[in-house]
Amino acid sequence: MTTDTTTKDTSAAAPVPGETVLDARGVTMRFGGLTAVRGVDLTVNAGEIVGLIGPNGAGKTTFFNCLTGLYVPTEGEVRFKGEVLPPKSFKVTAAGIARTFQNIRLFANMTVLENVLVGRHTRTKEGFWSAVLRGPGYHRAEKASRDRAMELLEFVGLDHKSEHLARNLPYGEQRKLEIARALASEPGLLLLDEPTAGMNPQETRVTEELVFAIRDMGIAVLVIEHDMRFIFNLCDRVAVLVQGEKLIEGDSTTVQGDERVIAAYLGEPFEDAPGAEEVAEVEAAEAHAEAAAEAPADTPADADATAEAPADTPAEADADAAAEGAETTTDAAPGKENDR
Ligand SMILES: Nc1ncnc2c1ncn2[C@@H]1O[C@H](COP(=O)(O)OP(=O)(O)OP(=O)(O)O)[C@@H](O)[C@H]1O
Ligand SMILES: [Mg+2]
């Protein structure tokens, strides 16, 4: 890598204990008729590790995309250390938020070290003449960047592979490299989207330690994961998203003990759950239609019921709700299009 050179002192300011780092309020993201995230409030304070969990398609990645400028929320506001975030991902990174992606995004044909150096570009200044002339300033700055990148590789346990091509790393190491690259922008908040997906239990434990170490470096962490043991071991607070809405937020014990959370994962509707009313209405309408179909056709009451069912019940709304639910489930498969 011979591009970014002069090191700028633009790293995120040191955290103030207890300071609210991230303050997301009323974040809503709609895609046409589908509301993927609905009125979500979430804060992360300095020194915290906060978990974001929820079934597939709950809106977790979409919420991350709203926080990092990949999506401009339809409604709501996101502040980082009190400032409203600019709606551009490179500006969000420069402001101090870094992230990893659910679908790993590395420069496959670059070396491990080069990938981390790319992550430093928001903290370095492209000195054109400096790069062309390659004077002492250029060499000093390039060395400083490489030293920092190597330090980060050592931190995640990949320093011995610095010259390997990223694409030749095993999956678990690619995830670690993504973390090193994110740390290279010297963030105040790190967002991790399923950092242990595809890892074996041993690698997961190592990643858990890594996240604690990142927190101890003064970087607040917001992490999405499906591995509940990982989440509940790690997080000071956990928020649960279901069908785009925040169902509950609390410490691990509170969230683990909440039967609505268990029901959400088992796919059982429960009282007051987002969407439960619609599901109940759909089921009632279906039962009604089934009963009407089975009954003798000459019973006037039943004939009425058959005719009226679609009109009386909010049938269209129900159908939409059902379609929305189906889309949520279908599109939740890994590799979906929104993980940008
Ligand atoms: N760009 C988009 N256009 C249309 N719909 C989208 C887009 N991005 C996300 N969605 C939809 O928003 C919903 C939430 O998806 P999202 O990927 O945020 O869920 P998730 O909680 O991250 O799921 P998973 O645990 O499977 O990663 C899904 O129904 C998805 O299809
Ligand atoms: Mg996701």
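Analyst: Helices (H or I, at least four residues) and strands (E, at least two) are DSSP runs, numbered from the N terminus. The model is a predicted one, in which local features need pLDDT of at least 70, side-chain atom pairs count only at pLDDT 80 or more, and totals for chains, interfaces and linings use all residues. Residues are numbered from 1 along each chain as its sequence is written, while chains are lettered from A and ligands numbered from 1 in the order in which they are written.

Helix H5 (residues 136-156) packs with H6 at an angle of about 140°, their axes lying 9 Å apart; axes are lines fitted to C-alpha atoms, for helices over the stretch in contact, and angles run from 0 to 180 degrees between N-to-C directions. H5 is therefore oblique to H6, since angles under 35 degrees count as roughly parallel, over 145 as roughly antiparallel, 65 to 115 as roughly perpendicular and the rest as oblique. On the side of H5, Leu152, Leu153, Phe155 and Val156 make the contact, and on the side of H6, Lys176, Ile179, Ala180 and Leu183; two residues are in contact if their C-beta atoms, placed from the backbone, lie within 7 Å. Seven residues of this contact are nonpolar, none is polar and one is charged (Ala, Val, Leu, Ile, Met, Phe, Trp, Tyr, Cys and Pro count as nonpolar, Asp, Glu, Lys and Arg as charged, and the others, Gly among them, as polar).

Helix H3 (residues 112-119) also meets H6: their axes come within 7 Å and cross at roughly 35°. Here Val112, Asn115, Val116, Val118 and Gly119 of H3 touch Leu177, Ala180, Arg181 and Ala182 of H6. This contact has six nonpolar, two polar and one charged residues.

Most residues other than glycine have a negative phi. Glu186, however, has a positive phi, near 50°. Glu186 counts as partly exposed because it has 19 C-beta neighbours inside 10 Å; a residue is buried if 20 or more other C-beta atoms lie within 10 Å of its own, exposed if 12 or fewer, and partly exposed in between, with C-beta atoms placed from the backbone.

Glu194 lies in the loop between E9 and helix H7 (201-216). Its phi is likewise positive, near 55°. Glu194 is buried, because 22 other C-beta atoms lie within 10 Å.
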